[in-house]
Amino acid sequence: MSIPADGAAEADPGQAARWSPRVPEESEFPAIVRVVGEALLGGKNDAEFYRGLTDLDRTLTVFDGPQPVGSTTSHGFTMTLPGGPRPVAAVSAVGVWPTHRRRGILSALMRRQLADIRARGEDVAALFASEGGIYGRFGYGPAAAAVSFTLPTRDAALRPDAPRDPALRLRLLDAADARKEIAVVHQAAAPQRVGEFQRGDAWWTRVLRNPPGNPFSDLRCAVAEDDAGPLGYVLYRTRQTWDDHGVADCALRVEELYATAPAAHTLLWEHVLTRDLVTTVTCDMAAPDDPLFHLLADPYRARRRHVDNLWIRLVDLPSALERRSYAAPVDVVLEVADRHCPWNAGRWRLTADTAAARCRPTDQEPDIRLDTAHLGAAYLGGTRLGGYLAAGLLTEVAPGAVQRLDTALHRADLPYCGNVF
């Protein structure tokens, strides 16, 4: 669920003290769904469906009299982070009623939510942002990217040396019938990609929905397997169209593809790229380093557009940095500004190697001065602090300190989350 805006800036953030977010009652939930739907400029929302995805005790709402005028929730996910799967607060469904924007409601919600997340012992929060100008001021940084792409099938040949395994076979079936098998694949694949989270039953129901009015077909699923079981799957939809001359001009839209073996990636991509009658394959969201872009004989034929993916917020900074893995030793003093989580503000000495990390308060002179949002952006290893340094948005006091920290935070793979929450 994407995150709606409360305007680029609030007129007076000090007004947040006027509002008191609280956990809503069950009977109030339909009205809250309406607030979020209106903020997103969406159509009629299915309150019953979204109730299945929402933990009411993790939801906060601001009321003006009996009317809800702002709300947010978070999901308690197990997400793959550098160092392994950990609890993460996945922030979602943030919305402010249009007549109440710029009155401090969003600030009140965000501050209370961050305090609640910390009280639950979750040291990292994540979200998808519908607008890039909002969440940086609450300490979130753009930590992962995704790509959407269009690929004409006539140009979609794979490399002759792409990994193939004759022991693999494909089965094509309705997506709902494959639910158990694909859940097994996703559970195995998610720990291999920083940013992915483990899906419960409610999230699988959402992934496998066939929304009314969709111009594409119901979901189809192809499963790649061997005698030991499934090794990958692809979910996709098709749209049947014909040109003025009666020639097929059909489209195939990949919703998601996961595999735990390279040869399964090859087999699944060959399946969708060689479907009869299909002239164009599209995907709205894929990892920037998806294996497809290396498997194509001519990668330029995939017309790609980069978009933001996960934004990350360090809620308990020392805990988050200590529980992270590092690619190289580093010893650096950070002077961190954090307006909304004052317990993070100050000077911290981070000492880490490839085995362990320690982050403790210090009165030593800083090597780097930066905002907590910069650390959130760099936390997954996909964003370099060097870019913020070049832009003049952080200060390097000790020459080379940013490069050393970037090296320690580096990962060979890029972070990515395949399911908007």
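Trainee: In what sense do strand 8 and strand 9 pair, and over how many bridges?

Mentor: Two strands pair if DSSP finds at least two bridges between them; strands (E, at least two residues) and helices (H or I, at least four) are DSSP runs, numbered from the N terminus. Here strand 8 and strand 9 are antiparallel and share seven bridges, with Arg-220 opposite Tyr-236 in strand 9. A hairpin of two residues connects strand 8 to strand 9. This is a predicted model, in which local features need pLDDT of at least 70 and side-chain atom pairs count only at pLDDT 80 or more, while totals for chains, interfaces and linings use all residues. Residues are numbered from 1 along each chain as its sequence is written, and side-chain values use heavy atoms, with hydrogens and water left out.

Trainee: What pairs with strand 7, and in which sense?

Mentor: Strand 7 pairs with strand 8, antiparallel, over six bridges; Leu-173 stands opposite Cys-221 in strand 8.

Trainee: What is the strand order of the open sheet?

Mentor: The seven strands follow the order 7-8-9-10-11-6-12, with mixed pairing. Strand 7 (169-174) and strand 12 (303-308) are at the edges; each has a single partner strand, so one side of each lacks a neighbour in the sheet. From one strand to the next the twist averages 25°; angles run from 0 to 180 degrees between N-to-C directions, along lines fitted to C-alpha atoms, for helices over the stretch in contact. Strand 6 (residues 145-152) and strand 11 (residues 278-286) run antiparallel and are joined by five bridges, and Phe-149 has Cys-283 of strand 11 as its bridge partner.

Trainee: Which strands does helix 6 lie across?

Mentor: Contact means heavy atoms within 4.5 Å. Helix 6 (residues 262-273) lies across strands 6, 7, 8, 9, 10 and 11, at about 170° to strand 10. Helix 4 (residues 179-189) lies across strands 7, 8, 9 and 10, running at about 110° to strand 9.

Trainee: How many residues of helix 6 are buried, and what span should the helix have?

Mentor: Nine of its 12 residues are buried, among them Trp-269 and Leu-273.

Trainee: How many aromatic pairs does the whole structure hold?

Mentor: Rings of Phe, Tyr and Trp (its six-membered ring) pair if their centres lie within 6.5 Å; planes under 30 degrees apart are stacked, over 60 edge-to-face, and the rest tilted. The search finds 11 pairs. Phe-77 and Phe-197 have ring centres 3.9 Å apart and planes at 5°, so they are stacked. Phe-77 belongs to strand 2 (residues 67-81) and Phe-197 to the loop between helix 4 and helix 5 (201-207), 120 residues apart; both are buried. For Phe-149 and Trp-269 the centres are 6.1 Å apart and the planes at 55°, so this pair is tilted. The pair links strand 6 to helix 6, and both residues are buried.

Definitions and conventions. Buried < 20%, exposed > 50% of the residue type's maximum accessible area, 1.4 Å probe, protein only.
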